[in-house]
Amino acid sequence: MESTMDIKTNADLMNLLDSLLREPETFWDQFYEDREKPIPFFKQVPDENLVSYLSDYDIPHGRVLEIGSGPGRNAIYLAKQGFQVDAVDLSQKAIDWGNERANEEEVEVNFIHSSLFDLKVDAESYDFIYDSGCFHHLAPHRRVSYLSFIKNALKVEGYFGLTCFVPEGPLGGAVISDREVYEQQTLHGGLGYSKERLLSLFNKFNPIEIREMRETQDPTLFGVNGLMTALFKK
Ligand SMILES: C[S@@+](CC[C@H](N)C(=O)[O-])C[C@H]1O[C@@H](n2cnc3c(N)ncnc32)[C@H](O)[C@@H]1O
C-alpha cells in the first residue's frame, strides 16, 4: 500500500499495519533457500504432540488443513495416517520442497502456495486444523482474521492443534505487548504465548490439552524444549 493512500477498507488497514513489520514472504523464501541448514524442524519427522493427539483423542481421520506447513513434515505424517491433507504456506520454496518430499514418500498432500489470509475455504470443511510454528510469527492485527478463519473452516466438534513459542523460551518467544509490536516495529522473531494467554485468545474454543512440548531423543519425533502445544475443540 502506498503511504499516501487513504485507508478505505479493512484490507487497506491490514496492509498498512503489515507494512510496518518484516515482509514475510521474502523472509521465508530466503529461510528455505539452504535445505542443509541445521534447523531442527527441517528434519522430516512430526511433532510429538501431534502424534499423541492422534493416539489420545478421537480426531476423525477426514480432512485436515495444515497452516504454515513449511516443507510439510506434519502434513506428510497426517497423509500417512489416512487424512486428506491440504497444506498452505506463504513460501513457494517451502511448497516446492514439500511437493518433492511428498513425491518421494509417495503420499498425496495438496500443497497450496498462499497466505492463510488470502485462502478461501468453504465453511465447516475441516475435521482438524493444525499449526506448528506459524501463529507466533503473525502480527497481532492478523489474529482476528486467524481466529475467525479457524472457527469458520472447522466442522462442528472439529479440532484445532497449535505449537508455538513459550514466553522467553530457548527458541524465542518475545514477551511484548501488542502495542509494543507496532511501537518497536518488530515481533522480535516471534511472540511467546503462555497457557493463560492461549486460553484467553482461543476462548471461543474448548481447551482439550495445553502443555509444553516434551523433549525427546526419539529419532522419529520432533520434541524440543521451548514450545507450548495446545489442542482445542470447536
Ligand atoms: C517456523 S516455520 C514452520 C514450518 C512448519 N510448520 C514446520 O514446523 O516445519 C513457519 C511457517 O509459516 C509460514 N507462514 C508465515 N506466515 C504465513 C501466512 N500468513 N500464511 C501461510 N503461511 C505462513 C512460513 O512461510 C513458514 O513456512
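**Reading the model**

Mentor: A search of the whole structure finds zero disulfides, a disulfide being a pair of cysteine sulfur atoms within 2.5 Å. This is a predicted model, in which local features need pLDDT of at least 70 and side-chain atom pairs count only at pLDDT 80 or more, whereas totals for chains, interfaces and linings use all residues. Residues are numbered from 1 along each chain as its sequence is written, and side-chain values use heavy atoms, with hydrogens and water left out.

Trainee: Is Cys-164 buried or exposed?

Mentor: Buried means under 20% relative accessible area, exposed over 50%, and partly exposed in between, with a 1.4 Å probe and protein chains only. Cys-164 counts as buried at 0%, and Cys-134 is also buried, at 18%.

Trainee: Which residues come nearest to the ligand?

Mentor: A residue is near a molecule if one of its heavy atoms lies within 4 Å of it. There are 20 residues around the ligand, and those that come nearest are Tyr-32, Gly-68, Arg-73, Asp-89 and Ser-132. The shell divides into eight nonpolar, nine polar and three charged residues, where Ala, Val, Leu, Ile, Met, Phe, Trp, Tyr, Cys and Pro count as nonpolar, Asp, Glu, Lys and Arg as charged, and the others, Gly among them, as polar.

Trainee: Which residues touch the most other members of the largest nonpolar core?

Mentor: A nonpolar core is a set of buried Ala, Val, Leu, Ile, Met, Phe, Trp, Tyr and Cys residues joined through side-chain atoms within 4.5 Å. The largest one has 35 residues, and Ile-129, Tyr-146, Ile-150, Phe-160, Leu-162, Leu-198 and Phe-202 touch the most other members. The elements that each supply at least two residues include strand S4 (126-132), helix H6 (143-153) and strand S5 (154-165), and H6 gives the most, with five. Helices (H or I, at least four residues) and strands (E, at least two) are DSSP runs, numbered from the N terminus.

Trainee: What is the phi of Glu-106, and what is that of Glu-157?

Mentor: Most residues other than glycine have a negative phi. Glu-106, however, has a positive phi near 55°, and this residue is found in the loop between helix H5 (92-105) and strand S3 (109-113), where it counts as exposed at 73% relative accessibility. Glu-157 also has a positive phi, of about 70°, although it is not a glycine; Glu-157 lies in strand S5 and counts as exposed at 52%.
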